[in-house]
Amino acid sequence: MSHAIEVRHLCHRYNGRSVYEDLNFAVPSGSVCGLLGKNGQGKTTLVNILMGFLEPASGRCLVLGEDSHALSPAVRSRVGLLHEGHLAYEFMTIAQTERFYSRFYPGWQPDLFYGLVEKMGLAAHHKVGHMSCGQRSQVVLGVIMAQDPDLLILDDYSMGLDAGYRRLFLDVLHDFASRANKTIFVTSHIVQDLEQLVDTILFIDRGTITRMGLQEFLAAFRKYVFHCDHLPELARDEIVYGFERRGRQVSVYSYSDLPVVKQHLAGLGVDAGDLCQAPMSLEDGFIGLMGKY
Amino acid sequence: MWRSIMLKEWLKLRWAFSAALVLNAAFCLQILLDLRQQLAAEHAEMVWYQMIHLHTLAQHGMRYAPLLTGIALAAAQFVPELLGRRMRLSLHLPVSRNRMLLYSLLAGLLLLVSVIALIALLSAATMRYFFPVEAVWAVQRSMLPWFLAGLLAYLGGATVLLEPAWTRRAILVVVFGVLIRVLLGGRGYDWFTAFWPWLLLPAPLALTGVFESARRFQRGGI
């Protein structure tokens with residue numbers, strides 16, 4: 001199986017502080033991979049390394065077979081980047097943006113660009129800097145899609161977007177992912193969006209990374225709920241990964257079966273008489289696994 | 001591809017360039033009017049004595065104009081690239097970093113040289129209107145260090161702006177500041193003409209400085 005992204009023994013330090021030590025993972029070609037982690041865990045640093053804007057302290061980071069910090073122009077033409085905040089040339093108009101990028105990409109598809117941009121009903125001479133965040137995101141998406149890349153790296157595409165624009169983004173990404181051998185590597189603060197898009201998740205936490213299939217994670221990791229009046233101080237252990245309390249209802253997250261969790265809670269002095277499994281979204285699972293802060 | 005880069009740079013530079021053209025033309029016009037006024041108010045011999053024997057350049061008052069033009073063009077071109085680290089968009093284009101940067105700098109230098117050429121042309125025309133051709137060339141030679149200061153200010157501005165580390169930025173500001181100070185320090189005619197070959201040396205060094213800053217920008221300051 002070929003890999004669009006391969007990270008081997010990656011180490012990185014920032015201001016003398018270790019961000020990663022010996023990070024390893026791969027993103028197979030044709031997959032849609034979501035990177036999840038709390039703030040400050042190094043998601044943006046990893047994306048910057050993948051995008052070639054940071055050189056790791058050691059280890060290798062390959063994007064379409066080349067070192068990410070030394071990508072050849074030929075490989076760069078196959079990688080579509082979406083920077084946090086939908087970075088665009090704000091001094092250009094829509095038409096100037098199209099004209100600017102079209103000369104760099106032999107397979108440039110103007111119909112795709114204008115197809116996405118025209119949904120906003122803006123004139124071609126409308127300046128990007130005068131657009132709302134949502135409108136600008138469409139221009140950026142149009143630029144990336146018209147390049148017809150093989151790999152998309154999206155850094156928090158949902159930032160600043162309302163539900164409508166997020167859906168529009170997801171629709172386009174779904175269409176892109178359905179085409180042969182197209183790979184997406186995405187981070188987002190809106191975890192429930194990723195549930196509709198990704199097939200693989202990378203959890204990044206305190207410098208380590210865990211790679212799981214989405215369905216595999218949702219089947220293996222479970223949410224249990226029970227009600228109680230007095231909950232003793234609980235800490236994460238090998239059975240129970242996370243707790244959440246809202247009023248009398250307590251949610252517990254675990255990879256273990258119901259009887260094991262029940263017995264474990266009893267051992268901790270918790271009266272969880274009505275413990276039962278509850279439906280769990282990816283966001284629930286993310287909070288259960290990573291904690292809230 | 002080069003046309004795309006030129007388009008982008010022109011979109012950023014056009015207002016600063018237009019303003020620089022108008023302001024520098026206005027400066028030159030003011031010098032013409034001042035000279036005419038001086039010749040009308042004083043004896044021509046007195047003006048000749050001041051300008052030729054006492055080495056009082058009529059253009060001395062605008063010696064900072066190329067410098068300010070260079071800084072303005074560098075800022076107009078590279079500040080938008082730094083906001084939100086927008087330069088990352090250009091660095092991901094399927095073209096080598098050095099080639100992309102070379103085209104960008106060529107665009108800026110072309111416009112800067114156009115402004116300098118305008119200053120030189122208008123100054124020459126003004127001097128030729130009142131004085132013999134020898135005085136015209138003496139003024140042109142004496143203005144060359146100012147023009148070079150403008151080029152260094154542009155390249156230095158680009159180098160400083162693209163450099164990601166503040167300490168290096170501060171050092172670069174001092175280095176370029178000293179070089180420019182030397183170029184603008186003289187008075188009178190031809191005070192630097194004998195050293196011209198040496199004066200040209202910093203320009204290619206400054207050009208390599210821009211490429212090094214861009215390389216460091218891409219690698220996150222390493």
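Of the 153 residues in the largest nonpolar core, which touch the most other members? Phe25(A), Leu46(A) and Phe185(A) do. The legends below take that core and a few other spots in turn. This is a predicted model, where local features need pLDDT of at least 70, side-chain atom pairs count only at pLDDT 80 or more, and totals for chains, interfaces and linings use all residues. Residues are numbered from 1 along each chain as its sequence is written, chains are lettered from A and ligands numbered from 1 in the order in which they are written, and side-chain values use heavy atoms, with hydrogens and water left out.

**View 1. The largest nonpolar core.**
A nonpolar core here is a set of buried Ala, Val, Leu, Ile, Met, Phe, Trp, Tyr and Cys residues joined through side-chain atoms within 4.5 Å. Buried means under 20% relative accessible area, exposed means over 50%, and partly exposed is in between (1.4 Å probe, protein chains only). With 153 residues in this core, Phe25(A), Leu46(A) and Phe185(A) are the ones that touch the most other members. The top contributor is helix α6 of chain B (residues 133-162), with 15 residues; helices (H or I, at least four residues) and strands (E, at least two) are DSSP runs, numbered from the N terminus. Domain 1 (3-216) and domain 2 (221-290) of chain A both put residues in, so the core lies between them. Those domain bounds come from an automatic or database domain assignment.

**View 2. Around Phe185(A).**
Contact means heavy atoms within 4.5 Å. Skip the neighbours within four places in sequence, and Phe185(A) still contacts a list of residues including Ile5(A), Phe25(A), Val27(A), Cys33(A), Leu35(A) and Leu202(A). Also on that list are Leu152(A), Ile153(A) and Leu154(A).

**View 3. Where chain B meets chain A.**
Here 27 residues of chain B are in contact with 25 residues of chain A. The two chains bury about 2700 Å² between them, and carbon and sulfur atoms give 62% of that; buried area is the accessible area (1.4 Å probe) that two parts lose on being put together, summed over both. Leu89(B), His92(B) and Pro94(B) supply 26% of the area that chain B buries against chain A, more than any other three residues. Two salt bridges run between the chains, a salt bridge being a side-chain nitrogen of Lys or Arg within 4 Å of a carboxyl oxygen of Asp or Glu. Glu55(A) and Arg219(B) pair up in a salt bridge through their side chains (2.9 Å, N to O). On the chain B side, α1 (2-41), α3 (65-82) and α4 (87-91) are the elements that give two or more residues, and α1(B) gives the most, with seven residues.

**View 4. Leu87(A) at the chain boundary.**
Leu87(A) sits in the loop between β6 (79-82) and α3 (94-102) of chain A. Leu87(A) is buried, at 10% relative accessible area. Beyond its neighbours within four places in sequence, Leu87(A) is in contact with Val140(A) and with Gly84(B), Arg85(B), Arg86(B), Arg88(B) and Leu89(B). Arg136(A) is 49 residues away from Leu87(A) in sequence, with 8.4 Å between their C-alpha atoms.

**View 5. The two domains of chain A.**
The C-alpha centres of domain 1 and domain 2 of chain A lie 35 Å apart. Domain 1 brings 13 residues to the contact and domain 2 brings seven residues. Together they bury about 960 Å², 71% of it on carbon and sulfur atoms.

**View 6. Salt bridges within chain A.**
Asp257(A) forms a salt bridge with Arg222(A), with the closest N and O atoms 2.4 Å apart. Asp257(A) is in the loop between β13 (249-254) and α9 (258-267) while Arg222(A) is in strand β11 (residues 222-227), so the pair ties together parts of chain A that are 35 residues apart in sequence. Asp257(A) is partly exposed at 41%, whereas Arg222(A) is buried at 19%. Arg248(A) and Asp229(A) also join through a salt bridge (2.7 Å, N to O). Arg248(A) lies in the loop between β12 (240-246) and β13, and Asp229(A) in the loop between β11 and β12, 19 residues apart. Shared partners link Arg78(A), Asp148(A), Asp150(A), Arg179(A) and Lys182(A) into one salt-bridge network.
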